[in-house]
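Subject: Handover of a structure

Dear colleague,

Please find below the structure that I am passing on to you.

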Amino acid sequence: MKSKIYTQTGDGGMTSLVGGERVSKTHFRLEAYGTVDELNSFIGLLIEEIQEENDLQILREIQYILFSVGSYLATGESKFSSTPCCIKEENILLLEKEIDKTDEMLPKLNHFILPGGCKSAALSHICRTICRRAERNIYKITEFAHVEKDILRFINRLSDYFFILARKQCHINKKSEILWENPCK
């Protein structure tokens, strides 16, 4: 028998965290792991526009990691403290290495840039902004419960990675970055 897709247990605006704790669908944990899930979905779309195999491998690895982060964030208070952190130092170092390596190949940035330039750059910027929202939502959890610092470090580096990936996409696709010109001058 196939698994049942709908359970009807959330019809009243409540849902279960990992561990069984029932919370409102507006609970801060759901905002956090829902935003991580949204980011992961947009990364899937970004992958469809990326050509370089190294970037594809990194993005797929990020997807696996984010799925684990979402599971970690979806864990209720009763089980949360015993849930191991899914982020390792090497995950953070991978992002930092890719950021540094990519930044070396790009022209110096002297202006703010607008999202866009080419489709893959625009999608990278969407991932960057969703990642920033995920970071803010995860920080909301820290006001009430412990969150492993490496998760916060990883999410922070990840938004930087998407920024530099957007710039790289314009560069390798021979598209101009859109420089912001202050209309208030």
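The model is predicted, so local features need pLDDT of at least 70 and side-chain atom pairs count only at pLDDT 80 or more, whereas totals for chains, interfaces and linings use all residues. Residues are numbered from 1 along each chain as its sequence is written, and side-chain values use heavy atoms, with hydrogens and water left out.

Helices (H or I, at least four residues) and strands (E, at least two) are DSSP runs, numbered from the N terminus. Axes are lines fitted to C-alpha atoms, for helices over the stretch in contact, and angles run from 0 to 180 degrees between N-to-C directions.

Helix H1 (residues 28–47) and helix H6 (residues 149–172) have axes that come within 14 Å and cross at roughly 25 degrees. H1 is therefore roughly parallel to H6 (angles under 35 degrees count as such). Leu39, Ile43 and Leu46 of H1 make the contact with Leu158, Phe162 and Leu165 of H6, where contact means heavy atoms within 4.5 Å. By class, this contact of H1 with H6 has six nonpolar, no polar and no charged residues. Here Ala, Val, Leu, Ile, Met, Phe, Trp, Tyr, Cys and Pro count as nonpolar, Asp, Glu, Lys and Arg as charged, and the others, Gly among them, as polar.

H6 also packs with H4, at an angle of about 25 degrees and with the axes 9 Å apart; these two helices are therefore roughly parallel to each other as well. The residues in contact include Leu95 and Ile99 of H4 and Leu158 and Tyr161 of H6. By class, the contact of H4 with H6 has nine nonpolar, three polar and 10 charged residues.

Buried means under 20% relative accessible area, exposed over 50%, and partly exposed in between (1.4 Å probe, protein chains only). Leaving aside neighbours within four places in sequence, Leu158 touches Leu39, Ile62, Leu66, Leu95 and Cys131.

Lastly, Lys174 lies in the loop between H6 and strand S4 (178–179). Lys174 is not a glycine, yet has a positive phi of about 55 degrees. Its relative accessibility is 75%, so Lys174 counts as exposed.

With kind regards

Methods: Angles under 35 degrees count as roughly parallel, over 145 as roughly antiparallel, 65 to 115 as roughly perpendicular and the rest as oblique.
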